[in-house]
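Biologist: I've got this one open in my viewer. Can you walk me through it?

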Amino acid sequence: MTAFRYILRDTGRLLMRHWVLGALTLVTAAVMMWILGLTTLFSLNIQNMLRRLENELMVQVYVKADGNAEQVAAAVRKIPSVASMQLISPEDALSKLQLRMGSQARVLDIVGENPLPWSVEVRVKNAASVPGLVRDLMAMSEVDDVVYSGLAVERVSTLSRVAFKTAFAMFILSIMITSLVLYNTIHISLYSRREEIGIMFLIGATRGYISTPFVLEGTALAFLGSVIATVGIMSAYFPGIRLLQNSLPFLNFVGDAVVLRQFSLLLVGFGATLGWICSYIAVVRFMRAAMKPL
Amino acid sequence: MFFIRAGWEVKDCMKIKFSGVRKVFKPDIVALNNINLFIEKGEFVYIIGTTGSGKSTLLRMITREALPTKGVVYVGDVNLRRMRPGDIPYYRRDVGLVAQDFKLIQHLTVFENVCFVMEAMSIPPKMAEYRASRVIEQVGLSRRVNMRPPQLSGGEQQRLAIARALANSPSLLIADEPTGNLDVRTSDDIMKLLMGVNAAGVTVVMSTHNQHIVDTYRRRVIELEAGVIVRDEFEGSYDSL
C-alpha cells in the first residue's frame, strides 16, 4: 500500500516536474492519434461505401433472340461468384421499363411489339469478381450482351485500395512518431533523475518500485493524448458527415453510434497501450544499464 | 536477522570474506590484485591508501556495485557474484551506505530523505515516521527536519546520510571517505556517531585519508597500495611504524 501510494505520488511529481516536456508530448500524442483516428475512419468509410456498392451491383445478361434463356440461367447459377440471379421474361422487362419511364411510357407504344429480349439479372458476391464473370458470360454462345456498372466499381475498388494503403502508411508513420516522442520523453525523465535512481538502487529499492512511476507517466501522457484526439475527431466527425450527406446524399457514411463508440474506445485503448509499451522499453533499457555492476 | 528474501536467511550475517579477488578495469587497469581478507561481524575497519589504491573498488564489491574479475566475495554465506539481480535490493537493505558526496535526494527534506528508504521497503507510514524521527534525533538533526540538503552544512548533510543509512537498522555500514569534505571538529562528531553505531553491533567498513581520525580512534587498519594489501593491523595507526 505504501509502495502504491509512493508510485502514484511520484507519477504526479514526474508529470509536474517536466511539465513543458509533458505538455509537448501530450500535444504530439494527441495530434498523432488524431491523424491515426482520422485515417482509420476514412478507410472505414471507403470500405463501407464499397460494400454498399457491391451489394447493389447487378450484371444484366441479355439472351439472343434464338437463344434458350433457361439454359443461360442454369449456366449462370453454376458460377461460384454469383450471389443470386433472376430470369426476366420480355413481358416483365417491359412492365419494369414502363414503370421506370412513368409518364413517358407512351413512347413505347410507337415501337409496337415488345423489343426486349429474355434477360438474367445477376447479383455478385464481390466487385472484384465482376470482370471475370463478364468474360465468362460473354463467352456463352447464347448470350447477346452483358451490361454492368463495372467501371464505377473498378474505380471505387482502386480508390479503396489506394485509400487503404495511404491510411496504412499514415497509421504506421503516426505510430512511429508517437512511439519515438514517448520513448524520448521517458528517457529524458529517467536521465534527469539518474542520480536519484542510483541512490534508490543503493538503498535497496526494487526495480519495479523505481520504474513503475516512469511507465505510468508515459502511459498517462499517451492515454490523455488519445482522449483529446478522440474527442476532437468525434466532435468534428458528426457535423462533417451531416454536411457531406446533405450535398452528396448518394454516399453512405459510417454513422452508427455503437460502431463509433467502439472505435473511440479502441483508439484510446490503443494509445494507452502504445504509451505503456514505449515507456516500458525506455525504462527497461535504462535500468539494465543502471543496474549493471562495474 | 538478515533477510534477503522470504525464505532466504543468511546466518553469521555480515562476516565479509574476500578470497583471491582481482579486479581489472578495461583496458588493463588493475584496481585490486589478489585480495584475501576476512572481516568479522561487529568489527570496525579502516581502509586506507593513496588515491587510486583501490579503496572505493573494494567497498563497491561489498555493496555489489562491482564484481571481481577473478576470485570470490562472500557476505555471510552468500557469494555476491551468484546473487540473482532480483535479490540485490533485499541485500542492500541490510547494508547502510555513507558516501563522501552524501548521495542525498536534493528535493526531499531531511525527514523525507530518511522516510524514503523505509517507503521503498513498504514499511507502513506511521512506523516509518517513528523510526525516521528516532534516527534523526540520534544524529542530532531534530531541528532541521523540514530543511532540504542544500540548506544544510556539510557536516549536517553527512549526519543525514548516516541517519538514512541507519534507518533500516543495517548489520553492515559502508562509509566511503565520510569525513573527506569536513573540518576536523565536524569529522570528530561524525566519527563519534560511527563509533556509536559500531558499539551497537554494526560492522563498519570505512575508507579514509584522514590521519587524525585513524590515529585518534584506533581500530583495525587495512592499507592498500596499487590494489594490493600491504598492511593489516589491529588497532593500527595511519602510518606504519
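Biologist: Okay, is the crossing of helix 3 of chain B and helix 4 of chain B left-handed or right-handed?
Modeller: The crossing is right-handed, with the near helix turned clockwise from the far one by less than a right angle. Helices here are DSSP runs of H or I with at least four residues, strands are E runs of at least two, both numbered from the N terminus. It's a predicted model, where local features need pLDDT of at least 70, side-chain atom pairs need 80 or more, and totals for chains, interfaces and linings use all residues. Residues count from 1 along each chain as written, chains are lettered from A and ligands numbered from 1 in written order, and side-chain values use heavy atoms without hydrogens or water.

Biologist: At what angle do helix 3 and helix 4 of chain B pack?
Modeller: Helix 3 (residues 110-120) and helix 4 (residues 125-138) of chain B pack at about 125°, and their axes are 9 Å apart. That's why the two helices of chain B count as oblique, the class left over after under 35 degrees (roughly parallel), over 145 (roughly antiparallel) and 65 to 115 (roughly perpendicular).

Biologist: Which residues in helix 3 of chain B meet helix 4?
Modeller: Val110(B), Phe111(B), Val114(B), Cys115(B) and Met118(B) do. On the helix 4 side they meet Ala128(B), Glu129(B), Arg131(B), Ala132(B), Ser133(B), Val135(B) and Ile136(B). Contact here means heavy atoms within 4.5 Å.

Biologist: What classes of residue are in that contact?
Modeller: Nine nonpolar, one polar and two charged residues make up the contact of helix 3 with helix 4 of chain B.

Biologist: New topic. Where is the cis peptide bond?
Modeller: Look at Lys26(B) and Pro27(B), which a cis peptide bond joins, with omega about 5°. Pro27(B) sits in the loop between strand 3 (16-25) and strand 4 (29-39) of chain B.

Biologist: What about phi at Lys103(B), positive or negative?
Modeller: Positive, about 50°, even though Lys103(B) isn't a glycine.

Biologist: Where does Lys103(B) lie?
Modeller: You'll find Lys103(B) in the loop between strand 8 and helix 3 of chain B.

Definitions and conventions. Axes fitted to C-alpha atoms, helices over the stretch in contact; angles between N-to-C directions. Nonpolar A, V, L, I, M, F, W, Y, C, P; charged D, E, K, R; others polar.
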